[in-house]
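We'll go from the whole chain down to single residues, one stop at a time.

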Amino acid sequence: MEITGAGESLTGDSLNYDRQRELKAFDESKSGVKGLVDAGVAKIPRIFVRPPEELNREDQNSGDLTNTQFVVPVIDLGDIIVSRADKVAGVRRAAEEVGFFQVVNHGIPKKLLEDVLKAVRGFHELPREVKADYYTRELMRKVKFGSNFDLYESSFANWRDTLFCVMGPEPLDPQELPPVCRDITIEYSKQARQLGINLLELLSEALGLNPNHLIDLDCAKGTLILSHYYPACPEPELTMGTSKHSDPDFLTILLQDHIGGLQILHQDRWIDVPPVPGALVVNIGDLLQLISNDRYKSVEHRVLANNIGPRVSVACFFTPHLYPSTRIYGPIRELLSEDSPPVYRETSVQDFVTYYDQKGLDGVSALTHLKLQKGSDF
Ligand code: OGA
Ligand code: NI
């Protein structure tokens, strides 16, 4: 395998190297970042090194400071029947002001969460030949193993591998899922979807709408499960686990293990989202920011690379993704008035996802290109 054989020649700081050739060698190895770690690399290949321009840009808007004062809200979903108004208020504040919150007493058993993380780790730790069968960049494949969906578009590769599964709207044939995580992925995605429906009801009410409003707009129609594996990194300060981005969906429910490294950008500071045993992280996606006409914030976040690892996380994205639909999304009419004119033009989910994927994680929100000029009519 060329990538490991080349060893030292893939590392170093020369800007003058054949990046395309090295990206291709990494891609064709079909073994992801885990493959590099297994081969014993002591330095990260230069395709993973964050270029100086990127570091500078990040410094400008964050100072790369980590704020330890601010705490991402934790919402207790227990007792929801008796204190629904409180929960709605908590969700509203978190979605409007932070874009991220954690939920506890959400109804998904802790044992199931632990088993999902174990099964995902089990998949990523299968022999490379077994995982290579799932490795593909084919757009419409529903179950695929890969590393860096934007490998050829981004300015540097992330220290992360992913198993990507389209769980709906069309039912997935279970046989397509790797046996090691088959049953548990199906069970988890069912329960995560139900939790997502409950959250979308609260989020609808918090906008002053009928509880079914967001569900009737098909916000829970499709889900993707992204099972990430962040191997221990020998030079974590030179790269990233996941570059700064916001999510291309309505809502994300994220299960993270105990390692940590997830951060959100809040008031120009990076804030840690600390692992809380049994909790799930919830965040607003770009499409919900769009239809809520900027009431809810799809906040930028990133994952630091770490010399401790592996770190495992499982993101459940609420989006119909590339499922064919004629539905067009724009700011919800009921939220518009003379004082709050539409901020975005309309789009289909397929067009939005295609634009997002072609752009890659370049640090610029994909919503920017849908922004209307101030003063537009509605
Ligand atoms: C994502 C994401 C964070 C994590 O999948 O979009 O931001 O902790 N994941 O893996
Ligand atoms: Ni994300």
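How far apart are the mean positions of the positive and negative charges of the protein chain? Color the charged side chains and take a look: there are 40 positive and 54 negative charges, and their mean positions are 1 Å apart. Keep in mind as you go that this is a predicted model.

**Stop 1: the whole chain**

Switch to cartoon view. If you draw a box along the principal axes, the C-alpha atoms fill roughly 60 × 45 × 45 Å.

The accessible surface comes to about 16700 Å², and carbon and sulfur atoms account for 51% of that. Of the 378 residues, 55% are buried. Contacts in this chain reach across the sequence, too: among those with a separation of 6 or more, 79% are between residues 24 or more positions apart.

**Stop 2**

Time for some charge pairs. Side chains of opposite charge can pair when their charged atoms come close. The count for this model is 15 salt bridges.

Select D27 and R137 and show their side chains. They meet in a salt bridge, with 3.0 Å from N to O. D27 sits in helix α2 (residues 19–29), while R137 is in the loop between α7 (128–132) and β4 (143–146), so this pair ties together parts that are 110 residues apart in sequence.

**Stop 3: D294 and K371**

Next, select D294 and K371. Here the side chains meet in a salt bridge at 3.9 Å, N to O. D294 belongs to the loop between α10 (286–291) and β12 (301–303), and K371 to the segment after α11 (349–359), so the pair ties together parts that are 77 residues apart in sequence. K371 is partly exposed, at 44% relative accessibility.

Before you leave the charges, pick K111, D115 and K118. Salt bridges with shared partners join these residues into one network.

**Stop 4: helix α11**

Select residues 349–359, which make up α11. Which residues of α11 are buried? They are V349, Q350, F352, V353, Y356 and K359. Show what surrounds them: the buried residues of α11 pack against β7 (242–245) and α10. Then step just past the helix to G360, where phi is positive at about 75°.

**Stop 5: two cis peptide bonds**

Zoom in on the backbone from G168 to P169. That peptide bond is cis, with omega near 10°. P169 is in the loop between β5 (161–166) and α8 (182–206).

Then jump to G309 and P310. The peptide bond between them is also cis, with omega near 5°. You'll find P310 in the loop between β12 and β13 (311–318).

**Stop 6: positive phi without glycine**

Select D79: its phi is near 60°, a positive value in a residue other than glycine. D79 lies in the loop between β2 (74–76) and α5 (84–97).

Now select N148. It isn't a glycine either, yet its phi is positive, at about 65°. N148 is in the loop between β4 and β5.

Is D79 buried or exposed? D79 counts as exposed, at 58% relative accessibility. N148, on the other hand, counts as buried, at 2%.

Terms used
Residues numbered from 1 in each chain as written. Chains lettered and ligands numbered in written order. Predicted model: local features only at pLDDT ≥ 70, side-chain atom pairs only at ≥ 80, totals over all residues. Heavy atoms only, no water. Salt bridge = Lys/Arg side-chain N within 4 Å of Asp/Glu carboxyl O. Helix = DSSP H or I, 4+ residues; strand = E, 2+ residues; numbered from the N terminus. Buried < 20%, exposed > 50% of the residue type's maximum accessible area, 1.4 Å probe, protein only. Contact = heavy atoms within 4.5 Å. Areas by Shrake-Rupley, 256 points an atom, 1.4 Å probe, with all protein chains shown as cover. Lys, Arg positive; Asp, Glu negative; His and termini not counted. Charge placed at Lys NZ, Arg CZ, Asp CG, Glu CD.
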